[in-house]
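Open the model in your viewer and keep the selection panel at hand. The stops below run in order, each with something to select.

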Amino acid sequence: MEGPNASSSKPKKRIPYRGLLLLAVFSLLAVSVIAMQTANLPGRGTDRASDPGKQPTDSTNPPATPAKDAPNLLTDPFLQRPAPSSVQVVWFTEFKGTEHTVEYGNGLSVAATTTQLSRAREDSDSQVQGRAFPALTERSIWRHEATVTGLEPGDRPTYRVASQHANGQRALSDFFTLGAAPVPGQPLQILLTSDHQLKPLTPANLQKVEETIGRVDAVFLAGDLVNVPDRASEWFDNAEGLAFFPGLQGRAQHTLDKGDRQTTYTGGQLIQHAPLFPALGNHEVMGRYSDSDPLKAQYNNPLPRQLVTEFYPAPGGGEPSQAWIDDHSFNTITYEEIFSLPTAQLPNGQETEKYYAVTFGDVRLVSLYVTQIWRSPGLAPDVRGRFREKADDLNSPEKWGYGQHIFEDIRAGSQQYQWLQQELASDAFKNAKYKIVMLHHPPHSLGDNIVPAFTDPVMVENRAANGTLASVQYEYPPSEDYIVRDLVPLLESADVQLVYFGHSHLWNRFISPQGTHYLESSNVGNSYGANVSDNPRKIPTDEAVKAAGDLTPFSKIYTALGDPNDLSPVVPTLAPLKDDSGSPLPYIASNDITSFSILDTGAGTVSSYYFDARQPDSAVVKFDEFELGQ
């Protein structure tokens with residue numbers, strides 16, 4: 001297919017005067033149609049005069065108002081899977097359309113492959129501008145992906161995407177830039193972020209990334225991208241301006257109320273130019289599928305896979321298919337359909353994108369699938385929590401939550417662990433200048449979500465004198481924590497310099513005696529506080545058990561304050577926040593102050609910044625910096 005700048009080799013014909021008049025009229029009409037097609041689309045925004053990837057516009061001739069039926073892109077394009085001479089471009093529409101293409105460089109173009117998201121839905125809790133969904137409703141969303149090849153190291157050609165609607169009109173994005181994977185030695189600035197989850201400060205956070213750093217070279221995102229992964233609007237067009245893609249593409253439009261000030265933030269134009277590398281968090285995992293239950297209820301209703309055949313025998317009594325197991329336990333279908341990630345070759349010959357490893361310049365990034373269902377720490381009889389089952393469900397084990405059960409095994413000998421052993425022994429890993437492991441669940445943290453231990457729940461059945469089931473509770477032996485017992489020693493023995501994670505919605509970092517850095521930089525949009533001083537975690541103390549009335553004392557000890565895995569947090573090196581007495585704080589846990597971190601491979605540093613949203617005119621503060629050992 002011809003590119004946007006392709007010229008015809010056919011000889012020109014002489015046109016009579018009347019023909020010239022008609023040609024002029026039709027040209028004006030064509031210009032008007034094109035302007036109507038391309039105005040106010042997701043890929044067309046405020047002009048950035050200093051952006052070399054932005055094509056010039058004529059400010060004296062603003063685009064016309066779009067036609068009523070003009071098609072729009074649902075997202076700007078974003079970059080995936082950069083390779084030595086190629087990169088993948090992905091975007092979404094709400095129409096199937098035809099001729100979805102990437103136009104790039106000097107008149108080049110490449111066609112995209114189109115697929116439809118199979119689990120994109122909305123319900124009465126969805127927030128989409130001008131649209132209501134009184135019942136669970138399937139939403140038609142198409143994904144387009146094209147691979148741009150023939151790229152030379154260091155080249156940054158401009159590109160845009162185009163999608164043609166059935167009515168013949170084309171939806172166009174702005175121009176951005178793309179590139180192949182960077183070569184070793186190329187200095188990079190990589191955003192470390194996580195736990196966006198439609199939180200109110202996320203657009204401000206991402207906007208400050210772009211304003212402070214400029215164009216980043218990649219985004220490493222340690223899980224919890226949205227709240228309910230099958231709710232399409234959380235990815236694309238939440239009415240409050242908090243959806244995932246708009247925030248990372250500078251199109252969020254979310255207004256913050258802080259004190260007597262209202263400030264609208266757009267997020268940052270980041271992933272149109274830089275590849276996104278995510279890790280799976282608990283909020284990317286959907287529970288048991290239903291065609292009628294609310295989406296949040298489905299999300300929060302996973303079942304351990306080993307129990308599927310007990311409660312949901314396969315039709316005909318045969319061996320259940322993987323699709324049957326996914327539908328009746330938990331799945332990451334929407335996450336996997338949205339992203340194109342590096343592929344891990346497993347020891348059993350299979351492949352997966354749920355965890356992977358990739359070389360990006362001087363960095364070897366290992367992204368793991370280490371997460372579990374989040375359950376409430378409450379002990380009241382009406383709670384289906386991490387420590388107990390709901391009293392009303394005791395006679396219906398298919399309704400039980402089965403504690404804070406793990407989605408993917410990471411213990412020694414598991415499939416993921418074996419793959420990781422192979423990866424850490426590979427030349428690609430050992431020869432990398434910077435060895436970084438990313439996962440969602442924290443190995444060290446001051447936050448609530450690190451307790452109880454990351455292990456399989458041990459069920460305890462409490463029975464009445466007549467033998468009937470009185471209550472069910474769960475223990476989590478700290479000595480069986482798979483991250484502490486199995487994963488951390490493996491990583492540290494392989495000289496991993498940085499372990500990056502999220503989950504507890506705060507900033508804090510640690511250094512092990514072996515010199516491994518542990519960074520949690522997930523205070524992007526909100527925090528549940530740090531568990532220090534007068535803010536203990538909710539744990540099953542004897543007093544709490546007694547108040548619950550139907551439980552027995554827990555035999556395990558659960559840490560209420562600090563890091564349960566015996567490391568002290570590092571006080572920020574440059575400008576720590578201080579408590580009321582003036583003492584520096586080793587964390588940021590705030591719903592007003594948002595933070596982000598940048599890996600600078602040229603300097604070999606990780607720098608962290610904060611922005612106080614209560615003072616929208618204030619400067620971004622670099623508050624911490626450390627060097628990665630080599």
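Helices (H or I, at least four residues) and strands (E, at least two) are DSSP runs, numbered from the N terminus. Residues are numbered from 1 along each chain as its sequence is written, and side-chain values use heavy atoms, with hydrogens and water left out. This is a predicted model, in which local features need pLDDT of at least 70 and side-chain atom pairs count only at pLDDT 80 or more, while totals for chains, interfaces and linings use all residues.

**Whole chain**

Start with a cartoon of everything. The protein has 12 helices and 29 strands. Of its 630 residues, 56% are buried; buried means under 20% relative accessible area, exposed over 50%, and partly exposed in between, with a 1.4 Å probe and protein chains only. Take contacts (heavy atoms within 4.5 Å) between residues at least 6 apart in sequence: 69% of them join residues at least 24 apart.

**Backbone stops**

Select proline 452, in the loop between β21 (434-438) and β22 (458-463). The peptide bond that joins valine 451 to proline 452 is cis, with omega about 5°. Next, go to arginine 81 in strand β1 (residues 78-83). Its phi is near 45°, a positive value in a residue other than glycine, and arginine 81 is partly exposed at 33% relative accessibility. Then select aspartate 224, in the loop between β13 (218-221) and α3. Aspartate 224 also has a positive phi, near 60°, but is buried at 2% relative accessibility. For background, most residues other than glycine have a negative phi, and most peptide bonds are trans.

**Salt bridges**

Show the charged side chains. A salt bridge here is a side-chain nitrogen of Lys or Arg within 4 Å of a carboxyl oxygen of Asp or Glu, and the structure holds 30 of them. Select aspartate 327 and arginine 119, whose closest N and O atoms are 2.6 Å apart. Arginine 119 is buried, at 12% relative accessible area.

Is the pair of arginine 231 and glutamate 234 buried or exposed? Both residues are buried, and their side chains form a salt bridge at 2.9 Å, N to O. Compare the salt bridge between arginine 463 and glutamate 461, also given as 2.9 Å, N to O. Here arginine 463 is partly exposed at 48%, and glutamate 461 is partly exposed at 39%. Finally, select Glu94, Glu122, Arg131, Arg139 and Asp237, which salt bridges with shared partners join into one network.

**Helix α9**

Select residues 415-424, helix α9, and show Gln416, Tyr417, Trp419, Leu420, Glu423 and Leu424, which are buried. These residues lie on the same side of α9 because they cover an arc of only 160° around the axis, the arc being that of the directions from the helix axis to the C-beta atoms. An α-helix has 3.6 residues a turn, so residues three or four places apart point the same way. What covers the buried residues of α9 includes β17 (344-345), β19 (356-360), β20 (363-367), α10 (427-430) and α11 (482-493).

**Largest pocket**

On a 1 Å grid over the protein atoms alone, a cavity is a set of points where a 1.4 Å probe fits but cannot get out, and a pocket is an open set with protein on both sides within 12 Å along at least five of seven lines; lining residues have an atom within 4 Å of a point. Grid points are joined across faces, edges and corners, and a volume is the space filled by probe spheres set on the points.

The largest pocket holds about 920 Å³. Select Asn227, His283, Lys296, Trp374 and Tyr528, the closest to its centre of the 36 lining residues. Helix α5 gives the largest share of this lining, 3 residues. The lining divides into 9 nonpolar, 15 polar and 12 charged residues (Ala, Val, Leu, Ile, Met, Phe, Trp, Tyr, Cys and Pro count as nonpolar, Asp, Glu, Lys and Arg as charged, and the others, Gly among them, as polar).

**Last stop**

Select threonine 605, in strand β28 (residues 605-612). Threonine 605 is buried at 10% relative accessible area. The residues it touches, leaving out those up to four places away in sequence, are Ile598, Leu599, Asp600, Glu625, Phe626 and Glu627.
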